[in-house]
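Subject: Structure for your review

Dear colleague,

Please find below the structure that I am handing over to you. My findings follow after it.

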Amino acid sequence: MDSINRGPLTAVSAAEEDGQRKRKRDSLFLQASITLADEAVARVRIRNLSEGGLMAELPRVVNPGTPVAIDLRGIPDLTGKVAWCAEGRMGIVFDRKIDPQLARKPVGKGAQTPIYAKPPVSFR
């Protein structure tokens, strides 16, 4: 098979598709805010994140090529374009490479787990 059809959007060669899929992606579940071409901010769920892009859940259709600004914890000034959109999900390619591990860094600065977050201790 020479190409893989991604529905009505594009046809990609099998070699290109294989190369794209071998890039390291972190599967995760994060919340982020996305501004689509100067529209109102939308809250989305990020399902995977790599140095070159992400996949997010968004319950509407967005045209490929639409510019986006993403407010993602730990990664400032993140912009890109919609690469594809189908069935409530969309792929975004970033304008610059990022370190996806920055989005996973803990938010708190404490050296210890607060008492309210610790499991109860039982004495038997």
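A residue is called buried when its relative accessible area is under 20%, and exposed when that value is over 50%; anything in between is partly exposed. Please bear in mind that this is a predicted model.

With that cut-off, Ser33 counts as buried because its relative accessibility is 12%. Ser33 lies in strand E3, which covers residues 25–36. Its side chain forms a polar contact of 2.8 Å with the side chain of Arg43. Apart from neighbours within four places in sequence, Ser33 is in contact with Val41, Ala42, Arg43, Ala69, Ile70 and Asp71.

Lys81 belongs to strand E7, made up of residues 75–86. This residue has a relative accessible area of 41%, so Lys81 is partly exposed. When residues up to four places away in sequence are not counted, Lys81 touches Gly65, Thr66, Pro67, Val68, Gly91, Ile92, Val93 and Asp95. Between the C-alpha atoms of Lys81 and Ala37 the separation is 9.4 Å, although 44 residues along the chain lie between these positions in numbering.

As for the protein chain as a whole, it contains 1 helix and 8 strands, and their order along the sequence is β-β-α-β-β-β-β-β-β. Of its 124 residues, 31% are buried. Among the contacts with a separation of 6 or more, 44% join residues 24 or more positions apart. The chain exposes about 8,900 Å², and carbon and sulfur atoms supply 53% of that area.

Yours sincerely,
A colleague

Terms used: Residues are numbered from 1 along each chain as its sequence is written. This is a predicted model: local features need pLDDT of at least 70, side-chain atom pairs count only at pLDDT 80 or more; totals for chains, interfaces and linings use all residues. Side-chain values use heavy atoms; hydrogens and water are left out. Helices (H or I, at least four residues) and strands (E, at least two) are DSSP runs, numbered from the N terminus. Buried means under 20% relative accessible area, exposed over 50%, partly exposed in between (1.4 Å probe, protein chains only). Contact means heavy atoms within 4.5 Å. Accessible areas come from the Shrake-Rupley method with a 1.4 Å probe; for residues, only the protein chains shown count as cover. A polar contact is a pair of N or O atoms within 3.5 Å; within protein, one must be able to donate a hydrogen and the other to accept it, and residues adjacent in sequence count only if both atoms are side-chain atoms.
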